[in-house]
Amino acid sequence: MDHQHDLAGEKTSSGFLKQENIGARGDVDTVVRPPSYGDEKSSNAPEDLHKADLAELDSAQIGEVFADGPRLIDLGADGKERPIETDADYATRLVSLDNDPTLPIWTFRMWFLSLGLSCFAAVLGQIFYFRPQTVQVSQLFLQIISYILGKAMDEIIPGPGENSRFKTADNEFWRFMNPGPFNIKEHVAITIMASTASSSALAISIFAAQDLYYNVRPNAAIGIFTLIGSQLIGYGTAGVMRSFLVYPTFAVYPQLMPTVQLFEALHRGQAAVTQKKRLKFFWVIFVAIFVWEWFPEYIAPTLTGISIFCLADQNSAWFTRVFGGAAGNEGLGAFSICFDWAYVGAGGGSIGSLFTPLATQLSLYSGCAVCMIAFSACYAMNTWHAQNFPFLTQLLYSENGTEYDQLSILNPDFTLNPEKLAIQGLPWYAASQLLFKISRTMYIGAAITHFFLWHSNTVYKIIRGYQTSECDDPHYLKMKVYKEISNWWYLTIFIGTTAMALATTYAAKSGLPWWGLFVALIFAWMFVPIIGTLNATVGYAPSIENMVQMLGGAMIPGKPVANMYFTMYGYNPVVQSLNLLRDLKLGQYTKLPPRVTFTVQVIGTIIGGLLNFVIMKTVLGAQREVLRSVQGTNVWSGQQVQSYNSDAIAWGALGKPLYATGTRYGFVPYMLLVGLGFPIPFWYLHRKYPKFGFNYVFTPILVAELGFLSVGINSSIFSSFALAVFSQYYLRKYRATWFRKYNFLLSAALDGGTSVMIFVYTFAVGGGSGRVIPFPNWALNPKGNPDYCKRLT
């Protein structure tokens, strides 16, 4: 699927925005992307479908996704089903256009499950922030659990519906309690609210670090308002950009396809034979992967990464570095075979072998290939004294290879002491970690240039025609029956939360000056359209946290806490904006009214913030010394707070001496300029040779992944790549009907079953309940590295 082409628009006689193919020189003669459904005419789609206005498209006209056999819209010129290639294919062939505005949403079970699961997810997510096990409450997990509970409630709660088990009078109260079958709009609203509340807010890391290491304890009012303000400020930023990051067809959000198709399989066309087959397919795969995951996760960890090379030579350090990868920070995982879907799959993230477009994944894995070569070469050549440190590590070191004592260079108020720094000396990074920082700095520049070269014309035309031209996306047009949210709502939220942020920043004694706050917010505002466009079109949005930390360290040197707050307001609004935009698009695909989406997200955010703060204060009060210790216990650990504080010291206190021009790492900030120029050759080559596919090279993704393998378990890289080629090339092209009906549902079943298994495993035997029950050692659960590679650390 190609999303890198500008779409010129003009208003047609029917009032819709007509999109035409733009050639490499800006004309309309050369077709540089597969024809889109909004085009004046496409040779690949049936001609009679082009005669209908997009406004008139609906499921009755084109058929449902689960219909038997290919539909007219699915057929190519040869009479066979054509592959899913364009943004319009995603919008019209993978997602139902059906909308029933009469479905009740504000029901008792919607409120009960939304609020209940939001509290459950927020408390669980915050508890796990202070546990040695890093577990997230995934959206798929909440989607499946809420469906089971919702169906149970429509069975047991009395109501006036025809299918109610316990009949009641048909009045307003009982219609609120149980209006009928649990419907898709209730389900989507519950899932959005609960998933919004599930993740620990970034502000929690700051409060915990201030409390544990700086003896600064903001009161409850400051803490809660900081949490709510920092979480909602991104919503104000995103809302005004939804006209080009949510409404248009080009904003596909491919990562939403498994979620959307699961909603539809659970709620639409239950009487259709094919839909019954799809639903049975989902539950069979769901149960099968739930059972299977107990083997690689617990019984036989060797299945996480089988390395033929390490089995052949179990005493080679270089084999471990290059071919190992089944344990954290072990190696690069070259040619390892992984049978653990927790690592091969999406893991609740936005990149997945079964749903991310092939061009995106080829760019990603090309970056990984260069990453393997660069890491190995730097270590072999002892570049930046690489051999003094572990091959893969995120810590700071002294030149002799001992861990760097960051606190020894600080004053009692935790600001930098130059004299102590002169004695201790500047720290060193492992080469792999430095390359990671270089790649993420280059990514920022590449993302900026990529946006302006490939998407700025599209965005400009959409914004210019926003008041005069109607967006022709068929899902957006179906949403016109609902009241929209005024931009003034979002602007009011942004202004109000900015004022809140300014007040709480000073009240919390952060050390961040007022102008620093505004610079951070301007930085975030600038990057929402850039990162948001990349996320909307190819489903990829690498973190800009490192860049924000570096900028904060340069502008406000020597103040770690100020750097934390600068990062929170320069980085967190981007994350929250992307979340809101994604959920608004989920609402558009599933026809959830915009005001409902907005309301449940805001409520979920507030619930999450309040419970995050309460749980944090409770845990800090009861486990303070344990959280401050390096090792922790098998129940409680301060590892995430320690890591966040270390990063703040590294960037806030040492940012300027480490990265100033002329110093050891002074070249790193200049990688931003290299990144700015990186997309230009590919853009030029595409203009010169438009048929060679240079437009499929997503340069921000390629450079961002040059440091991809610097952390974690890497044994899944080759398995994920092979699965991506099989799904996104072979199935998409040669098994187009199966791909359309089952591929994304397969992804949802595998990720969902794995999420539920990890949740159960964590509390049953993984230490989530306070007790770890290890599985006995045997051939596939050896001591040392699971893949039999030589242990180096």
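Predicted model: local features only at pLDDT ≥ 70, side-chain atom pairs only at ≥ 80, totals over all residues.
With a relative accessible area of 4%, Gly-608 is buried, and, once its neighbours within four places in sequence are left aside, Gly-608 is in contact with Ala-122 and Ala-197. The C-alpha atoms of Gly-608 and Val-123 are separated by 8.0 Å, although the two residues stand 485 residues apart along the chain.

Helix α24 itself, which covers residues 594–628, spans only 44 Å between its end C-alpha atoms, whereas a straight helix of 35 residues would span 51 Å at 1.5 Å a residue. The same helix has a kink of about 75°, and this kink is centred on Ala-622.

### The chain as a whole

The secondary structure of the chain comes to 31 helices and 2 strands. Of its 793 residues, 60% count as buried, and the chain exposes about 30,300 Å², with carbon and sulfur atoms supplying 63% of that area. Among the contacts between residues at least 6 apart in sequence, 77% join residues that are at least 24 apart.

### The disulfide and other cysteines

The count of disulfides in the model comes to 1. It joins Cys-310 to Cys-789, with a distance from S to S of 1.9 Å. This pair links distant parts of the chain, since Cys-310 belongs to helix α13 (residues 308–312) while Cys-789 sits in the segment after α31 (736–764), 479 residues away. Because the torsion about the S-S bond of Cys-310 and Cys-789 is about 95°, the disulfide is right-handed. Both Cys-310 and Cys-789 are buried. Two further cysteines can be described in the same terms: Cys-338 is buried at a relative accessible area of 7%, and Cys-378 is buried at 12%.

Where is Glu-186 found, and is the residue buried or exposed? Glu-186 is found in helix α6, which runs over residues 184–198, and Glu-186 counts as buried because its relative accessible area is 0%, where the limit for buried is under 20%. The side chain of Glu-186 makes a polar contact of 2.4 Å with the side chain of Thr-107. Not counting residues up to four places away in sequence, Glu-186 touches Pro-104, Ile-105, Thr-107, Arg-109, Met-110 and Pro-181.

Arg-740 has its place in helix α31, and at 0% relative accessibility Arg-740 also counts as buried. A polar contact of 2.6 Å joins the side chains of Arg-740 and Glu-81. Beyond residues up to four places away in sequence, Arg-740 touches a set of residues that includes Val-65, Gly-69, Pro-70, Arg-71, Asp-74, Arg-93, Leu-94 and Gln-261, and Glu-81 is one of the residues in that set as well.

### Residues in loops

Tyr-253 lies in the loop between α9 (242–245) and α10 (257–267), and its phi is near 55°, a positive value in a residue other than glycine. Lys-509, found in the loop between α20 (487–507) and α21 (514–538), likewise has a positive phi near 55° in a residue other than glycine. As for cover, Tyr-253 is buried, with a relative accessible area of 1%, whereas Lys-509 counts as exposed at 68% relative accessibility.

Pro-390 is found in the loop between α16 (358–380) and α17 (418–424). Not counting residues up to four places away in sequence, Pro-390 touches Tyr-397, Ala-430 and Thr-793.

The table below gathers the relative accessible areas of several of the residues described above.

| Residue | Relative accessible area | Class |
|---|---|---|
| Tyr-253 | 1% | buried |
| Gly-608 | 4% | buried |
| Cys-338 | 7% | buried |
| Cys-378 | 12% | buried |
| Lys-509 | 68% | exposed |

How values were computed:
Residues numbered from 1 in each chain as written. Heavy atoms only, no water. Helix = DSSP H or I, 4+ residues; strand = E, 2+ residues; numbered from the N terminus. Buried < 20%, exposed > 50% of the residue type's maximum accessible area, 1.4 Å probe, protein only. Contact = heavy atoms within 4.5 Å. Areas by Shrake-Rupley, 256 points an atom, 1.4 Å probe, with all protein chains shown as cover. Disulfide = S-S within 2.5 Å. Polar contact = N/O pair within 3.5 Å; in protein donor to acceptor, adjacent residues only side chain to side chain. Expected span 1.5 Å × (residues − 1). Bend = angle between axes of the 7 residues up to and from the residue.
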